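Dear colleague,

Please find below the structure that I am handing over to you. My notes on it follow directly after.

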Amino acid sequence: MGRELASTLHLLRSQSKDLTCKDQESASGDLQKLYDTWEFHENDVMNAQAKLRSIRAKLATLEGKIALSIIESQKIVEEKQRRVDCARRALQLLQTTTIIWPNSASEVLLTGSCDGWTTQGVVARPPNISRKIRDMLRAKAVHGNSLLTAKGVNLEVQALMSIKAALKDSHGVLAKWDSDAADPCSWTMVTCSTDYLVIGLGTPSQSLSGILSPSIGNLTNLLSVLLQNNNISVPLPTELGGLSKLQTLDLSDNLFTGDIPSSLANLESLQSLLWTSGNSLLTAKGVNLEVQALMSIKAALKDSHGVLAKWDSDAADPCSWTMMNSKPKLSGILSPSIGNLTNLLSVLLQNNNISVPLPTELGGLSKLQTLDLSDNLFTGDIPSSLANLESLQSLLWTSGNSLLTAKGVNLEVQALMSIKAALKDSHGVLAKWDSDAADPCSWTMVTCSTDYLVIGLGTPSQSLSGILSPSIGNLTNLLSVLLQNNNISVPLPTELGGFSKLQTLDLSDNLFTGDIPSSLANLESLQSLRLNNNSLSGAIPLSMANMTQLTFLDLSSNNLSGPVPRLLSKTFSILGNPMICATGKEQDCNRSKPMPLSLNSNNQKQRCEEVCLGNMRRFQFRELQDGTIVAVKRLKDGNAIGGEIQFQTEVEMISLAVHRNLLRLYGFCMTTTERRLVYPYMSNGSVALRLKSKPALDWGTRKCISLGAGRGLLYLHEQCDPKIIHRDVKAANILLDDYCEAVVGDFGLAKLLDHRDSQVTTAVRGTVGHIAPEYLSTGQSSEKTDVFGKPKGSYARLG
């Protein structure tokens, strides 16, 4: 077609010379149309040629794939034929193999395999097989028979399927167990060794019911069986006694009945056996079970001095056994069989040489109230299962054990969490206490040493109720416990007497009842003890007369009775106990030694004005109707903006911070012209005033003042939330009560600071000479700037 168009075009061009101009124009148009038509057809031809080439390429590719498929199919057919031949040979081998009858099975499944192809057949058990032959064949069934491969995987599949068939699995936990599987190692609840042998069967807390099939005896490689907390019933199968490698068997919290199979005595490798709590294996009291558990504990301990000599495995019950409290110590390990003694209320194994990690089975003693494992050689971590001991009230494991790091931080976290759990914290004061914390040193109300050990616990005036957990006895490094002005009740825990380092204990203004623990007399370092304003009863322990180091004791406003021991404390009070000091005029009801001042009353009031700050320089002293003397601070420029802000700040801060070493606010008055604050009267003035008076302070009093001021600042910085920066710490703002107890006052310049922040930027405020250089230059105030002011106002002057 292209050639024809070209020749026609050439002819037209040759004839165009003979045409007229008009004809030439017409011919030119025709010529252009013909040219366009030629180009159009030429494009079609090119497109058609391209499609043809593409089709040819696709055909060639398809032909190649077909050829490859044919080759692959031939290979598959050849491979299948080879496997079929191999399976035939395996079947012929099975037909000539002696049948091994495992256990008491009525039929046996013969299996032969070759390269993944399996042939199976079921053969019924002959009716008259002798017991002797059956026992012999049973022994051979476990080791090296020719029914299966050397690893015996298919036999284990069959045993597990029998177990599944005997159980009622309402939740489909065992749904993926498949009788056609080559091995059970991918099944849920099944654990295999590297040789594809079943070594673990664990289906705890899966709501399984039904019975435990005797086929479990075919799983001869089992190391652990964990079927606790289900509803499996009927007697235990005796076949369990054939699991020679079994180390752990837990069938607790089920519905098993009948006797304990005597075959379990054959389990030579068994280390942990639990079946109590819900099962009725023995009598209702489970006495024989407890005998067996106690004998296991005895076997695990090394009793070189015969402390447990009277423990007898043939005893009907262990109730007549004695645990001799003698000097020889027990060693060895604590057997996991202790978990079978589910009715235990107390375990006291302190002061021995028992070692290795604590058994996790201790967490199953749901009724346990007291656990004392202190002064032993236990190592490893504290079992997390101990958190399940809901009835536990006292837990002691420190002093000798190495359960945690050398600093014992995690132990203290756990003790504090037990204290939190026993308290009712309606205002969420302890909300940030976290059981997962590495240490409690960042928690509110907790003070730590530089070694990250808890040395202070202070939650005064936080509306806490509930009880004080005996776990407080685990905080063995405590120097101070300040829990005053709460609603904590029930008797005082005797564990309070175990604090060898405790210096200050304040439990006043609570709801404690019962006797004063005589163990408090063991607090050799205690200097200040406040138990006033509670409901304590009984006699004051006579042993408290031996507390020569005690300088302050307040037992007033309780219900104490009986003889009063000769108390050696410099300052004490037992007023307000109707059966001892009904009128308050009785002998030996109180003794106080306030520090005398050489100033007369008028002079003291005049000097007191010099102690106060800025706009707060007017003090008045008033006596209330009940005889109480109060100090009334009058704001000089009450209507000024700065004075109003300072007044509001002081009211807010003192209301927020309540501590025995911080100045309390009795009340305030606001009128259109007056702003007044009412404080307790501080008979010994301020530190600045006292240092200029006679007689001079002795070193013991100076130390007491410094520690008191430090405790007050520590409360502001660490135990308040948000924390409070005083910004004007100096000797003039540290006041002294009747007993020269330091009280930090004047919060007019204080600032609140979130615990997440390290500093606050403000205009510089304070007293020249007591302002930290970095605060003066940057305006950034923090706890450090308060500490800077204290040595110049307290330590330097006191030293």
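This is a predicted model: local features need pLDDT of at least 70, side-chain atom pairs count only at pLDDT 80 or more; totals for chains, interfaces and linings use all residues.

The structure holds three disulfides. Another of them links Cys441 and Cys448, again with S to S 2.3 Å; its torsion of about -90° makes it left-handed. Cys441 is buried, at 19% relative accessible area. The sulfur atoms of Cys581 and Cys589 lie 1.9 Å apart in a disulfide, and both of these residues are buried. Here the torsion is about -100°, so this disulfide too is left-handed.

Turning to the nonpolar cores, the largest has 52 residues, and those touching the most other members include Leu416, Trp433 and Leu507. Helix 6 (409–422), strand 18 (446–448) and strand 19 (454–458) each supply at least two residues of this core. Helix 6 gives the most, with five. Beyond its neighbours within four places in sequence, Leu507 is in contact with several residues, among them Val481, Leu492, Phe512 and Leu531. A second, separate core comprises 33 residues, including Leu174 and Ile232.

Finally, three strands form an open sheet of mixed pairing, in the order 3-6-8. Strand 3 (167–168) and strand 8 (231–233) each have a single partner strand, so one side of each lacks a neighbour in the sheet. Strands 3 and 6 run antiparallel and are joined by two bridges, with Leu167 opposite Gly210.

With kind regards

Notes:
Residues are numbered from 1 along each chain as its sequence is written. Side-chain values use heavy atoms; hydrogens and water are left out. A nonpolar core is a set of buried Ala, Val, Leu, Ile, Met, Phe, Trp, Tyr and Cys residues joined through side-chain atoms within 4.5 Å. Buried means under 20% relative accessible area, exposed over 50%, partly exposed in between (1.4 Å probe, protein chains only). Helices (H or I, at least four residues) and strands (E, at least two) are DSSP runs, numbered from the N terminus. Contact means heavy atoms within 4.5 Å. Two strands pair if DSSP finds at least two bridges between them. A disulfide is a pair of cysteine sulfur atoms within 2.5 Å.
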